[in-house]
Amino acid sequence: MCGIVGYIGFRDAYPILIQGLKRLEYRGYDSAGVALITANNKLNVYKEKGKVSNLEEIASKQDTNGCIGIAHTRWATHGEPSTINAHPHVSQSGRLAIVHNGIIENYASLKALLAKEGFTFKSDTDTEVLVQLIEYMMQKYQKSLENATIMALRMVVGAYSIAVIDRNCPDKIVVARKSSPLVIGIGKDMKEYFIASDAVPIVQYTKQMVYLNDNEVALLRIGKKIEINNLDYQDITPEIKEVNISLESLEKGGYPHYMLKEIYDQPRCIADCMRGRLLVKEKRIMLSAINLHREQLVNAERFIIVACGTSWHAGLIGKQLIEQWAKVPVEVEYASEFRYRNPVILPGDVVIAVSQSGETADTFAAFELAKKNHALCFGIVNVVGSSIARASDTGIYIHVGPEIGVASTKAFTGQVTVFTLFALALGHERGTISQQEYEETIEELGRIPDKMKEVLAENDCIKTIARTLTYAHNALYMGRGFNYPVALEGALKLKEISYIHAEGYPAAEMKHGPIALIDEDMPVVFVATHHQLYKKILSNIQEVKARNGRIIAVVTKGDESVKKMAEACIEIPPTLAALAPLLSVIPLQLIAYHVAVEKGLNVDQPRNLAKSVTVE
C-alpha cells in the first residue's frame, strides 16, 4: 500500500524524490520521509507524520544535498501513524537506511533474535527489524550490502518491496521484491537509475523499465548494468520494457480533483479501451486473448472471477454478461476468501483475476492458487507489466490510463467494457448468441462513449440532487438485474469518500430486512432504468414511497412513472439492458463526489484508504 521512490545518479536526488512521493501519495498518506547521502557520506533522514507537504515543510529548513536517496509515503500497517514509525528507518549504527512496502510476518521472532544480539528499536514497525537484520548480517559475516540483504531476506516470511542505502557505499542502492511491486527506471547510458512502486512517478525521466520478479534482489550502481540475483544467488538477466504513459494523464488538467477528472475521462477512456477491439463497421470483435487460447476458452466448463472491492462489482456484471451470451456458469468470489477456502478448481476452469493495479495481494494470491490447480489464468488489469499481468496465461488490458483518485471510477467502467467485449466475443465463438443480437450489441456499444457524454452533461443537476445526501447518516442503494452491482458500486463510492454509511441491495431483497430502516430521514437511491425487471422495481419504489423514504432515482430518459414517486430523478440515455451499467454508474459516481466536496472532505485521499492494496 505504501509508496517507494529512489534515485541514484548525477542529479540532485531530493526534488526527484519529493515529486515522486507526490505522484505516489495515493498509495498512502499517513506519513512521509526521505533519506539522502551527501557528498561527504553523511546520511540525512527527514520524516514527518501526515502528507508529503508536511515533509516538504520540514525538509525545506534542512540540508537536502545528495545524488542518492530513497523516500517513502506510508499507509500504516505495523505501528500507528507517527513520525517515529515513518520511513525511512535507520539501522542501529546509523549506517543503513531502508524504505519498505509490505508486511514482515515473522518480524516478532526476528526482533527477539536481534534483541539478544544487543540491538534496540525506536519504532513499532516491522521495517525497522528488517534494516537491523541486514546490518547484523553485514557485521557478523562481513558481507556486502547486497549479499547481506539476500541473507536477511532468506529469513523473512511475508511480502516486501525494499530499497536500502549505505552511507559508507554512496555509489549503490539495493532493491528487492516479493509479492509487492517495484520497478526500476534506467537512465541514459546507465548514468542514473530510478526506482518506484510503479512507473507513474518516474516515467517523466525514462520509459525504459525493469519490473522485478518475486525473490529478486537488484544492485544499482552509476554507469554499470543492473545486477540481479535471486535469493539462491543465481544471476537473472533483466528484461527491459518500454512504458508509454503520457505526462498529461498524471496531472489534474484543470479539474479540482483527480476523481472528477477521471469521471469525465470515461468517454475517452472507454473509446480507447474498445479501439482495435470493437470493429463496428465490420460488426465484429477482435480479441487476441480469445484467438490465442480459443480452444480452452470456448470449451471452458466454468469461469471463476476473483476480485476485491470495485473490481468485484465489475465481476458481478461480468458474470451476468458471460452467462447471458456465452451460456457458461460463472462464479464471482472475493479473492480474500477464495484463497483461504480450499476451493475446488478443476483443469477445465478459467479463473479471471480482475484488478486495476494488477498488484492486489489477495487477488494475486488467488490467481497463483488457480495456476497451481492447472486452471487457465486470465487477467483483466489496467497497469501494463503488473504482477497479475505477468502471471496470466492470457488476458485483456483495460487501457484507461493511470487512475490516481483512490475511489475507482474509470477503472470500473473499463473493466465492465472488457467483460462486455469478452462475453460477446465468446458467445459468438460458441454460437450461443444470435447474429442479430451480436451485431445490435456491437453497434450500441460503439455509441456508449457519446452517451456517457450526455450523462456527464447533467452534472449541474446531479450536484443539486447530491445535497439531499450531504447531511444523511445512512443511505440505501437499490437495483435489479445488471443494475444491482451498480447499486453496490454507488454505495461503495459514497462510503469511501463521504464517510456516509451506505448499503447496496437487490431491490427485491428490501422486503427481507432493509425495509425496516426506511423512514423520512432515509435516502434511497434506485437505479431504475428500463429493462425486463422495470415493472418489478417500480413496485419496490412504491414500497419505499409508502413508508416516506426519500427517493432519488436514475432512470431512462423520458421515464414518467418513477418521476411521480421520486423526490429527484437523473435521466440517462436509453440503451440495452446489458450495457446500462456503463451509463447508470456515472450519476452515482458524481453524487458521491459532490457530497464529499460539499462536506469539505479530501476526495482523492479519503481517510484510512490507499489506492493499491498490496498487503493483506
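Predicted model: local features only at pLDDT ≥ 70, side-chain atom pairs only at ≥ 80, totals over all residues.
## Sheets, a pocket and a cavity

Strand E5 pairs with strand E6 (residues 96-104) in the antiparallel sense, with two bridges between them.

Among the lining residues are Cys2, Arg74, Trp75, His78, His87, His100, Asn101 and Asp126. By class, that lining has two nonpolar, eight polar and two charged residues.

A second sheet has another layout: it is open, with five strands in the order E19-E18-E20-E21-E22 and parallel pairing. Strand E19 (330-334) and strand E22 (394-397) each have a single partner strand, so one side of each lacks a neighbour in the sheet. On average, neighbouring strands here are turned by 20° against each other, direction ignored. Helix H10 (residues 309-326) packs on this sheet and touches E18, E19 and strand E20 (349-355). Its direction makes about 175° with that of E19. Between strand E18 (residues 302-307) and E19 there are five bridges, and alanine 307 stands opposite tyrosine 334 of E19.

Then there's strand E1 (residues 3-8). Is E1 mostly covered or mostly open? It is mostly covered, with six of its six residues buried. Gly3, Val5 and Tyr7 point one way from E1, while Ile4, Gly6 and Ile8 point the other way. As a rule, side chains in a regular strand alternate between the two faces of the sheet. E1 pairs with strand E4 (residues 68-74), where alanine 71 is the bridge partner of valine 5. E1 also pairs with strand E10 (residues 193-196), and there isoleucine 8 has tyrosine 193 as its bridge partner.

Here are the strand pairs with their bridges:

| Strand pair | Sense | Bridges |
|---|---|---|
| E5 and E6 | antiparallel | two bridges |
| E18 and E19 | parallel | five bridges |
| E1 and E4 | antiparallel | six bridges |
| E1 and E10 | antiparallel | four bridges |

Now for the largest pocket, which has about 740 Å³ of space. Its lining takes in 37 residues, and Ile245, Asn382, Val383, Gly401 and Pro402 lie nearest its centre. By class, the pocket lining has 14 nonpolar, 12 polar and 11 charged residues.

One last stop is histidine 594, which sits in helix H19 (residues 581-598). Why does histidine 594 count as buried? Its relative accessible area is 9%, and buried means under 20%. Beyond its neighbours within four places in sequence, histidine 594 is in contact with Asn459, Lys463 and Ala466.

Terms used. Residues numbered from 1 in each chain as written. Heavy atoms only, no water. 1 Å grid on protein atoms, 1.4 Å probe; cavity = no way out; pocket = protein on both sides within 12 Å on 5 of 7 lines; lining within 4 Å. Points joined across faces, edges and corners; volume = space filled by probe spheres on them. Nonpolar A, V, L, I, M, F, W, Y, C, P; charged D, E, K, R; others polar. Pairing = 2+ DSSP bridges. Buried < 20%, exposed > 50% of the residue type's maximum accessible area, 1.4 Å probe, protein only. Contact = heavy atoms within 4.5 Å. Axes fitted to C-alpha atoms, helices over the stretch in contact; angles between N-to-C directions.
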